Amino acid sequence: MCNCFICLNKHFTTLIKAPQRWASSLPVNTVVLFVPQQEAWVVERMGRFHRILEPGLNFLIPILDRVKYVQSLKEIVIDVPEQSAVSLDNVTLQIDGVLYLRILDPFKASYGVEDPEYAVTQLAQTTMRSELGKLTLDKVFRERESLNSNIVHSINQASDEWGIRCLRYEIKDIHVPPRVKESMQMQVEAERKKRATVLESEGAREAAINVAEGCKQAQILASEGEKAEQINRAAGEANAVLAKAEAKAKAIRLLSEALTRQNGNAAASLTVAEQYVSAFSNLAKESNTILLPSNTGDISSMVTQAMMIYGSLSKTQSTADSTTPETKELTLEGNTVSETGYK
């Protein structure tokens, strides 16, 4: 009973198997045959392989020759059915793909394997399960290109004996269980939140650095401005001192020239008297304590004393060629004045 059930299952599988997609219907031997381009017709003579007909005009012997296989030399696309596979971290995946192949040797494709399409499809499925078992779930999504190349390499190692060359293999869809999908979604959300937090902290850090750099540059510019201001102020004060010194020197030079002229002494006496009166008018404005000479009301005597000092200085000026300094003490009505000159 069991053996019959197995036989029926095999027979049912054979019946629902899809026909070969690249094979055309077998032509009838009509002596003169026209082979289409990119097709190879395998001819048997009396049951043995005879030759492969090339595209174009061909002649066969009736009854003795028969076209046994028709192979397409075009690139063939095979849809690999969806199947389940277990990854390295024990996650069950539903995966399917597309296989691209080409027949390179029609003789091997005809006599090396019973059903080339079915054989290559099964080989692709087993190879896919084997390669997926070597990778974790995360690497399956990241390394699809390397996974495809490994599957193509494994298929070509076995299909060389069949005269078939696998050109490429592409994974179409990968389906994961719902719970795993939810956990992956949560992981993605957590990763995005982490990135957002990191980016926000980096933005705050960059902002703090920019503010610090701005304060630093402001302080540098302020110090440079203050430095330049101090330099300009010092230069201005120096120029003012020089200008005052030059003006004073010029005034002294003009005064000396005026004193050498006629009636210069009278002008000097008038100037001294004016300054004396002006000084007495300002004594009580700055302080309550005042030191006065004994003869404050005798202006003429004070002017006379000043003129005597001026006369003594004028006499000593004429002896400026002498290098020995001499100090004179002049006693003018109780006041002692030191005079320094040259003999």
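## Aromatic pairs

Rings of Phe, Tyr and Trp, the last taken by its six-membered ring, form a pair if their centres lie within 6.5 Å; planes under 30 degrees apart are called stacked, those over 60 edge-to-face, and the rest tilted. By this rule, four aromatic pairs are counted in the structure above, which is a predicted model.

One of these pairs joins Y69 and Y111, with 5.4 Å from centre to centre and 80 degrees between the planes, and is edge-to-face. Because Y69 belongs to strand β5 (residues 65–72) and Y111 to helix α2 (residues 106–111), this pair ties together parts that are 42 residues apart in sequence. A further pair, F107 with Y111, is tilted, at 5.1 Å centre to centre and 45 degrees between the planes. F107 and Y111 are four residues apart in helix α2, and therefore separated by about one helical turn.

Together with F49, the residues Y69, F107 and Y111 make up one aromatic cluster.

## The sheet β3-β2-β5

Strand β5, which carries Y69, is part of an open sheet of three strands in the order β3-β2-β5, with antiparallel pairing. β3 (48–53) and β5 are the edge strands, and each pairs on one side only. From one strand to the next, the twist averages 30 degrees.

Strand β2 (residues 39–45) pairs with β3 in the antiparallel sense over five bridges. Within β3, L53 is the bridge partner of W41.

## The sheet β6-β7-β8

Another open sheet has three strands in the order β6-β7-β8, and its pairing is antiparallel. Because β6 (76–86) and β8 (164–175) stand at the edges with a single partner strand each, one side of each is left without a neighbour in the sheet. The twist in this sheet averages 25 degrees from one strand to the next. In general, the strands of a sheet pair through backbone hydrogen bonds, either parallel or antiparallel.

The antiparallel pairing of β6 with strand β7 (residues 92–103) runs over nine bridges. L93, in β7, is the bridge partner of A85. Helix α3 (residues 116–132) lies across β6, β7 and β8 and runs at about 35 degrees to β6. Helix α5 (residues 144–159) packs on the sheet, where it touches β7 and β8, and its direction makes about 140 degrees with that of β8.

In soluble globular proteins, nonpolar side chains tend to be buried together. Here the largest nonpolar core has 32 residues, and L99 and Y169 have the most contacts inside it. At least two residues of this core come from each of β6, β7, α3, α4 (137–142), α5 and β8. Helix α3 supplies the largest share, six residues.

Which residues does L99 touch, if those up to four places away in sequence are not counted? The list consists of I76, V77, I78, V80, V120, A124, I155, C166, R168 and Y169. Apart from this core lies another, of eight residues, including L33, L60, V67 and V70.

## A charge over a ring

R168, one of the residues that L99 touches, also lies over the face of Y100, at 4.3 Å from the ring centre.

Note on methods. Residues numbered from 1 in each chain as written. Predicted model: local features only at pLDDT ≥ 70, side-chain atom pairs only at ≥ 80, totals over all residues. Heavy atoms only, no water. Pairing = 2+ DSSP bridges. Axes fitted to C-alpha atoms, helices over the stretch in contact; angles between N-to-C directions. Contact = heavy atoms within 4.5 Å. Core = buried A, V, L, I, M, F, W, Y, C linked by side-chain atoms within 4.5 Å. Buried < 20%, exposed > 50% of the residue type's maximum accessible area, 1.4 Å probe, protein only. Lys NZ or Arg CZ within 6 Å of the ring centre and 35° of its normal.
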